[in-house]
Amino acid sequence: MSGLVGLLWALLFVGGGIYLAYQRVDLRTSTIATGLALAAYTVFGDGAWWWLIILWALFGLMVVPNLVEVRREKITKPLLDVYRKMLPAMSDTEREALEAGNVWWDGELFSGMPDWDKLMSFPAPQLTEEEQAFVDGPCEELCRMIDDWEINHKIGDMPREVWDYIIRKKFFAMIIPRKYGGLEFSAYANSVVIQKLASRSAVASSTIGVPNSLGPAELLLHYGTEEQKDRYLPGLASGDEIPCFALTSPQAGSDAASIIDTGIVCKGKWEGKTITGIRLNWDKRYITLAPIATVLGLAFKLYDPDHLIGDQDEYGITAALIPTDLEGVEVGRRHNPLSVAFMNGPTRGRDVFVPLDFIIGGPEMAGKGWKMLVELLSVGRAITLPSTASGGGQAASYATGAYATIRKQFNTSIANFEGVGDALTRIAGHTYIMNAAVCVTSGAIDEGEKPAVPSAILKYHCTELSRRCANDAMDIHGGKGVMMGPTNYLGRGYMATPIAITVEGANILTRSLIIYGQGAIRCHPFVLRELQAAGDEDHDRGLIDFDKALFGHIGYAISNLARSFFLALTHAKFSSVPLNTPTRRYYQNINRYSAAFALASDFAMLTLGGDLKKRELLSARLGDILSSMYLASCVLKHFENEGRRATDLPLVEWSVRTLMYQAQEALHAFLLNFPNRWVSWFLRFFIFPRGRTYKIPSDDIGHRVVELVTTPGEARERLSRYAYTTLEPGNPLGQLQEALELTLEHAPLEKRLRQARREGLIAADYLGLQIDHAEKAQVISKAEANSLREYHAKVGALLDVDEFPLDEFLHRPEAPAVVTTENREAVTKKKKKTARKKAAKKTAKKKTAKT
Ligand SMILES: Cc1cc2nc3c(=O)[nH]c(=O)nc-3n(C[C@H](O)[C@H](O)[C@H](O)COP(=O)(O)OP(=O)(O)OC[C@H]3O[C@@H](n4cnc5c(N)ncnc54)[C@H](O)[C@@H]3O)c2cc1C
């Protein structure tokens with residue numbers, strides 16, 4: 001009996017402690033609660049006197065941190081001194097990158113205890129009437145006008161009328177306010193337009209994406225002087241000015257802050273007068289729209305050796321607007337980005353002299369260029385490339401779902417083969433994840449968020465997922481995807497995928513350095529506060545702030561230990577969720593991994609410190625966990641935004657399961673490779689006390705996803721909602737949908753044909769003859785036969801691949817191939833003649849030999 005009572009007391013202390021830590025009850029309340037429990041045990045318990053002394057002594061240790069003055073002087077001060085010495089040096093560019101944007105849902109995931117109401121309270125993004133009309137009108141029309149084969153293979157550019165239409169309808173002016181003549185669209189509308197265009201043509205989406213993303217207009221809107229806005233924005237809105245943004249140099253790619261392009265402050269002639277200005281020299285490459293740009297947003301390093309504008313020698317990265325018609329500016333040459341014919345090329349400048357007020361924001365913004373860029377990237381990175389990826393995924397899902405149904409092998413649709421279904425499931429699931437991420441994040445931007453870390457997550461993951469969609473779609477299409485030509489709707493998009501991977505922060509770097517590197521300090525509830533307090537020049541204030549942050553941090557770490565352990569043990573079954581819906585378990589799964597991630601992250605920072613930055617594989621894995629949780633949260637929120645449609649559940653289940661399984665595996669790999677084995681085992685005990693229990697989505701979920709994406713209906717349409725799917729000549733997506741519907745409609749007739757064949761009523765193998773025979777044998781009526789013929793003609797046209805004359809791909813007319821269309825006859829005659837001659841010679845030789 002006394003053993004049982006002892007066990008109950010032990011349970012009260014341990015369970016109570018875990019409960020207080022789990023709920024993040026503050027230190028004072030926790031101390032009072034512990035004191036009361038200990039007093040009760042002293043009075044009613046049967047503990048030995050020495051045991052009570054130990055317990056009260058431990059309680060004394062818990063009381064000390066409550067005495068704030070004592071704690072600050074005796075504990076925090078010495079720790080702060082050590083911390084200051086350990087603090088890794090941080091460059092200005094790193095600091096500016098860290099301070100860019102703000103912390104949003106990423107901060108909640110980092111907290112180990114996400115407050116779901118914060119995410120759920122965001123309204124579902126919606127298009128205004130005007131935006132919807134633009135998507136249904138000019139955007140559809142532009143898609144209709146585009147002939148990707150002609151653009152990429154024949155002309156090498158968009159035709160004049162397409163350019164005119166883009167400019168006239170203000171596609172370049174989506175982010176420019178109305179007062180300057182722009183469309184002033186929301187981030188969500190901007191994203192929707194890009195999604196639709198990307199489902200049709202990579203050339204159109206990248207050409208239009210750039211001026212609406214990080215470029216002169218965006219820079220001017222945020223940092224330009226009123227004069228600069230009035231000077232440029234109306235022209236950019238009307239299309240009289242074509243912008244580009246030039247940062248990348250041959251020697252400075254990913255490490256863009258190391259550019260060596262210079263601007264020297266000096267005296268020079270401008271419009272006949274001698275003024276103080278900047279002499280610029282630059283050499284840039286890979287610049288989108290540069291070949292046709294009229295104005296360059298130029299990034300360079302500004303120097304003032306003669307101290308004409310201040311007492312600094314060097315100001316750092318500065319951004320200015322440079323008209324391309326100035327003397328010394330070179331534009332007009334092109335690169336060829338994977339044969340996707342959008343305008344991209346180098347620009348160079350030699351001793352180009354411009355006034356100081358060409359600096360964006362005027363001379364006082366000298367040296368602020370890097371800060372401007374990273375600030376803008378914190379928003380822009382979440383829109384253009386992720387929307388392009390999402391649009392590509394929508395097209396791939398729509399097309400491949402239909403293609404896998406109309407394409408038959410072994411007498412059945414290839415979608416019925418589990419291997420094909422597996423790839424199809426991935427395409428649909430990944431598309432759903434991209435749609436959700438883009439929609440939820442652009443909605444948050446419209447609500448005023450500038451989510452720097454989610455932007456990097458979207459940039460990396462959406463472009464990676466779209467690459468996987470492209471690969472899977474190509475595999476399912478087989479030869480049809482490989483043979484380039486006007487009817488190939490996949491090949492060009494497939495070729496273009498590495499472009500999105502490379503730009504706006506190449507993906508390996510984004511995963512290895514940016515997502516977690518930026519997130520660790522930025523989103524952590526205490527680390528940035530500790531850093532700022534330690535760096536505070538007012539040491540007294542610094543000590544107070546550091547003390548608060550430090551003890552908050554300790555409480556947070558203890559809480560994450562308790563949460564991580566309890567949530568893992570219970571599979572998070574009792575953790576609180578915002579909604580009691582079929583998706584409730586997924587919220588709980590994210591709660592669990594949020595606590596585990598916060599715990600692992602804290603130990604990584606504590607034990608590796610500044611080294612974590614160099615351990616790219618470890619920080620990349622932590623970034624993967626954060627990304628998985630962020631994307632899974634977007635999926636859940638998107639499902640709610642879309643009205644919680646039961647038909648979408650297979651996609652939601654597949655997506656969240658896949659993402660959270662990836663989170664588990666990334667955490668496992670992180671612990672497996674953690675350099676300090678003791679810490680690794682300690683963490684493993686709290687994070688995986690029951691091992692790795694999270695499972696990948698079942699095959700059954702996959703089958704339901706295949707069903708969804710191969711069956712015409714609202715769920716299939718919703719998945720590809722913004723893709724250009726209108727049924728009209730020249731639009732394969734619309735035609736594939738028509739063929740899909742016809743396939744299902746004609747399935748009973750086809751079945752009758754097969755049955756008749758089995759019964760020997762019709763004899764032919766060839767399908768066209770089978771229909772004739774079946775009609776003759778009255779297995780099917782005349783109308784049914786005609787309908788079948790029409791259907792097969794349509795499907796046949798979609799399954800066909802392009803073929804060309806022999807010399808279609810010759811690019812060197814001066815050195816024609818041996819056989820061309822024109823000389824084919826002559827060559828054949830010549831060959832025959834030579835063969836005849838050879839034969840005659842042989843016979844002559846034989847005769848001579850005989851004689
Ligand atoms: C089609 C296209 C359009 C572009 N448009 C523009 C434009 O309009 N304006 C503009 O200024 N620039 C533009 N760029 C340039 C683009 O931003 C750069 O290509 C990009 O920054 C990468 O630079 P890089 O190509 O020199 O690769 P590199 O910097 O040489 O990188 C090579 C590889 O190394 C990886 N890497 C580098 N450093 C690290 C690290 N520390 N940790 C891990 N991995 C690392 C990268 O991820 C990449 O995989 C464009 C590029 C392309 C291809």
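**Ligand.** I started with threonine 288: one of its backbone N or O atoms is 3.0 Å from an oxygen atom of the ligand, a polar contact (N or O atoms paired within 3.5 Å; inside the protein one must be able to donate a hydrogen and the other to accept it, and sequence neighbours count only through two side-chain atoms). I then found a ligand nitrogen 2.8 Å from a polar backbone atom of tyrosine 286, and a ligand nitrogen 2.7 Å from a side-chain N or O atom of threonine 248. On its own the ligand has 980 Å² of accessible area, and the protein covers 69% of that (Shrake-Rupley method, 1.4 Å probe; for residues, only the protein chains shown count as cover).

I noted that this model is predicted: local features need pLDDT of at least 70, side-chain atom pairs need 80 or more, and totals for chains, interfaces and linings use all residues. Numbering runs from 1 along each chain as its sequence is written, and side-chain values use heavy atoms, without hydrogens and water.

**Shell.** Which elements give two or more residues to the shell around the ligand? I listed strands S1 (243-246) and S3 (273-288) with helices H20 (491-502) and H21 (507-523); these are DSSP runs numbered from the N terminus, helices (H or I) of at least four residues and strands (E) of at least two.

**Salt bridges.** My search of the whole structure gave 34 salt bridges (a Lys or Arg side-chain nitrogen within 4 Å of an Asp or Glu carboxyl oxygen). I looked at lysine 284 and aspartate 261, whose side chains meet at 2.8 Å, N to O. This pair links distant parts of the chain, 23 residues apart: lysine 284 is in strand S3, and aspartate 261 is in the loop between S1 and strand S2 (262-270). Is lysine 284 buried or exposed? Lysine 284 counts as buried because its relative accessibility is 0%, and aspartate 261 is buried too, at 4% (buried is under 20%, exposed over 50%, partly exposed in between; 1.4 Å probe, protein chains only).

Next I checked glutamate 226 and lysine 229, bridged at 3.5 Å between the closest N and O atoms. They are about one helical turn apart because 3 residues separate them in helix H14 (residues 226-238). Glutamate 226 is partly exposed at 48%, whereas lysine 229 is buried at 13%.
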